[in-house]
Amino acid sequence: MARPAPPLWLSWGAFFVIGGKIKPTRFLAGLFLVANILSAQESEPRRLVVRGLDFEGNEAIDDYTLRISIATSQSGAFARPGILHVMTLGLLGEKRYFDETEFRRDVLRMLLLYRRSGFLEARVDTVVRRTSDAVHIRFQITEGEPVRVRSIAITGAEAVMSGRELRRDLPLRLEDPFDRVRFLASADSVQGSVRDKGYPFAEVYRSFDVRARERVAVVAYDIVPGPAAVIEDVEVIGAREVDEDVVRRALSVRTGQPFSQRALYESQRQLYRMGLFDYVNVTLADSLPDAPDDSLVTVRVQVSEGRLRRVRGGIGLGSLDCIRTLASWTVGDFLGGGRTLDLSARMSKIGTGRPLDAGFENNMCWELDDDEGTERDTINYTVTAGVRFPYIFSPRNSASIAFSAELRSEFQAYLRSAIGANFAITREMGPGLPLTLSYTLSYGSTKAEPAIFCSVLNVCRAEDTQAFTEPRVQSTLGLAVVRDRSNSPLNPTRGNVLTAQLRHASDVIGSDTSIQFTKGVAEFASYHPVGRQSLLAWRVRLGTIFSPRVGGGEQLIQSIPTEERFYAGGPTTVRGFRQNELGAVVRVIVPRDTVETDAGAVVVTDTLVSPTGGNQLLVANAELRFPLSGRLAGALFVDAGQVFERGDTPLSTSGIRVTPGVGFRFLTPLGPIRLDIAYNGYPPQKGPLFEEREGAQLELLDPDYAPDQQDLGFVSRYLQFNFSIGQAF
């Protein structure tokens with residue numbers, strides 16, 4: 001069969017394009033080509049972009065649920081031709097086109113959703129407004145009165161559990177609209193409760209009777225418990241390099257024990273927690289009892305081992321850390337027994353810290369331009385070698401031992417160098433409730449600005465402050481508990497998280513006599529959905545430190561190590577203040593350079609700001625998070641807090657600072673990239689002003705000094721920008 005000849009405009013276009021020089025005949029052919037293409041485009045039906053999609057009259061079912069139940073969807077807010085859409089490669093907005101057929105089906109989909117939710121009289125009307133290239137849709141919903149649950153009968157399990165116990169946690173409640181999904185979920189809930197009491201073959205037969213005229217539904221669940229069972233055998237499938245005994249030791253089920261569905265779930269969670277397996281399934285091997293009175297069952301544990309040797313690496317950027325890197329090597333089942341060996345190294349301030357400084361503090365790491373003095377402009381690093389033990393006397397107990405060396409700095413506050421060891425044992429008190437007891441022994445020194453010692457300890461001579469910067473032994477006993485009820489560790493949208501930590505250091509447990517303190521910190525964060533897309537999150541963080549007075553003669557001081565004091569301000573606490581600048585600060589005029597002029601040598605000075613921290617902390621945050629378009633989300637927040645020094649003045653709410661703000665988040669798989677802009681209407685914090693004299697001696701110029709900022713613009717004076725990765729809390 002001969003091929004069909006190409007269209008005339010395609011032949012002329014090819015001749016025009018392939019030709020070398022532009023001649024009149026080829027120019028006319030090109031015009032003919034363009035005319036044919038434009039004519040073809042005009043003949044195609046124009047596709048309408050969905051610019052608006054609204055719902056009206058819905059109360060029982062929110063907008064988000066309705067949107068995901070239909071095929072028609074709204075285009076993103078930035079899905080319009082423009083420089084922002086081009087620069088972000090379309091990530092901030094996607095065009096969604098109108099399909100007439102699917103739109104008609106969407107009405108049926110919504111009616112079906114309402115009927116399954118108990119609203120049999122629901123009606124859906126539509127209003128469609130069309131323009132030349134777009135369409136705006138509004139669904140007008142009349143829900144009507146729902147069918148409500150009049151009674152829930154549960155029979156057949158009287159010998160196992162009372163009906164009141166079974167009804168207590170049912171998704172479907174009396175007087176609720178009769179929702180078919182909750183009706184089925186309630187049957188699963190009843191079945192799980194009976195199986196957890198030792199009846200693995202329990203079955204639930206469900207029925208309902210809807211009386212449309214009366215708008216009521218009668219629900220019944222009939223339970224057939226079957227025989228109570230005892231675990232006869234536990235079989236393990238899939239273990240290759242990891243010894244089978246390691247798997248069995250981590251299980252909460254044992255031969256000879258009564259069957260428990262909850263124990264199967266706990267075993268599965270504990271095997272995942274070991275970090276050795278990519279897949280774990282702990283289930284009942286028997287599908288039905290061999291005989292009506294058969295009380296012996298077999299539990300099957302199926303595992304799939306992950307890679308037991310893993311290498312990870314990463315690189316990041318932050319205004320306070322500049323370029324930071326991470327590298328780690330993990331060996332699973334180290335020397336058998338399910339142990340895990342972790343070797344890791346972290347490094348930060350690359351590009352600003354010696355010996356890898358490249359002047360980045362003058363541009364992309366601008367925050368670190370002010371972090372000078374006390375050798376803080378050096379590379380920070382942490383090197384750790386540790387072993388984790390998954391089983392200590394019980395599947396619920398695990399332990400770890402680690403050795404580390406570090407050099408780390410806190411912005412404008414201190415530089416800490418130390419080597420040490422840490423031993424910790426953790427017990428799972430319940431699902432998501434670990435309790436950890438730890439002992440840490442370290443040997444190191446902490447360097448801070450002499451003005452901090454002068455302001456806090458009244459030790460102002462350089463030779464006297466050296467005693468507080470010499471290497472010392474610090475021994476700390478810690479107790480920490482975490483109760484995590486949130487649905488995500490990176491970006492939670494519901495639930496809450498409670499953490500509490502108590503640490504004690506004294507000479508009784510091996511610490512230096514000048515390092516003695518008791519420190520407690522508690523934090524509670526809660527996340528509440530607002531509708532189906534927005535979120536209200538709030539957090540409260542409290543901390544306090546107690547330390548005995550130490551020293552000799554008449555000079556008794558309350559020596560709390562600089563690195564243990566509380567600091568606040570920055571992207572994760574009170575965002576209206578720079579990092580660590582909430583609370584008391586000291587300022588020091590230091591010589592920077594000597595410039596030769598006609599009048600002679602002139603000393604150029606600079607003023608360093610150093611936070612002194614405090615022994616009490618209060619931080620509270622509230623944040624409303626909402627979607628904007630695609631991966632872009634927004635936030636409105638209010639932060640409040642203060643760092644106090646117990647004993648100086650009575651604590652009062654007058655010292656608390658409140659800073660509101662607005663934020664933007666770009667959502668990624670590793671967590672949101674966050675930009676927060678906070679308003680701070682407070683005058684600069686007053687504090688002592690020192691001048692550094694010859695020999696690093698300090699002279700107090702003004703005990704209550706505050707810089708004048710009248711000449712600064714609105715942005716520099718009132719707004720604080722914070723850029724980071726991850727949510728603030």
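Tutor: Start with Phe-393, which sits in the loop between strand 13 and strand 14 (397–410). Strands here are DSSP runs of E with at least two residues, helices are runs of H or I with at least four, and both are numbered from the N terminus. The model is predicted, so local features need pLDDT of at least 70 and side-chain atom pairs count only at pLDDT 80 or more, while totals for chains, interfaces and linings use all residues. Residues are numbered from 1 along each chain as its sequence is written, and side-chain values use heavy atoms, with hydrogens and water left out.

Phe-393 is not a glycine, yet its phi is positive, near 70°. Its relative accessibility is 77%, so Phe-393 counts as exposed. The cut-offs are under 20% relative accessible area for buried, over 50% for exposed and partly exposed in between, with a 1.4 Å probe and protein chains only.

Now take Asn-580. This residue also has a positive phi, about 70°, without being a glycine. Its loop runs between strand 22 (555–557) and strand 23 (585–597). Asn-580 counts as buried, because its relative accessibility is 3%.

Pro-355 belongs to the loop between strand 12 (340–350) and strand 13 (380–389).

Three strands form an open sheet in the order 1-3-2, with mixed pairing. Strand 1 (49–56) and strand 2 (123–130) are the edges; each has a single partner strand, so one side of each lacks a neighbour in the sheet. From one strand to the next, the twist averages 15°. Two strands pair if DSSP finds at least two bridges between them. Strands of a sheet pair through backbone hydrogen bonds, either parallel or antiparallel. Strand 1 and strand 3 (residues 134–142) are parallel, with seven bridges. Within this pairing, Leu-53 has Ile-137 of strand 3 as its bridge partner.

Helix 5 (residues 100–116) packs on this sheet and touches strand 1, strand 2 and strand 3. Contact means heavy atoms within 4.5 Å. The direction of helix 5 makes about 150° with that of strand 2. Axes are lines fitted to C-alpha atoms, for helices over the stretch in contact, and angles run from 0 to 180 degrees between N-to-C directions.
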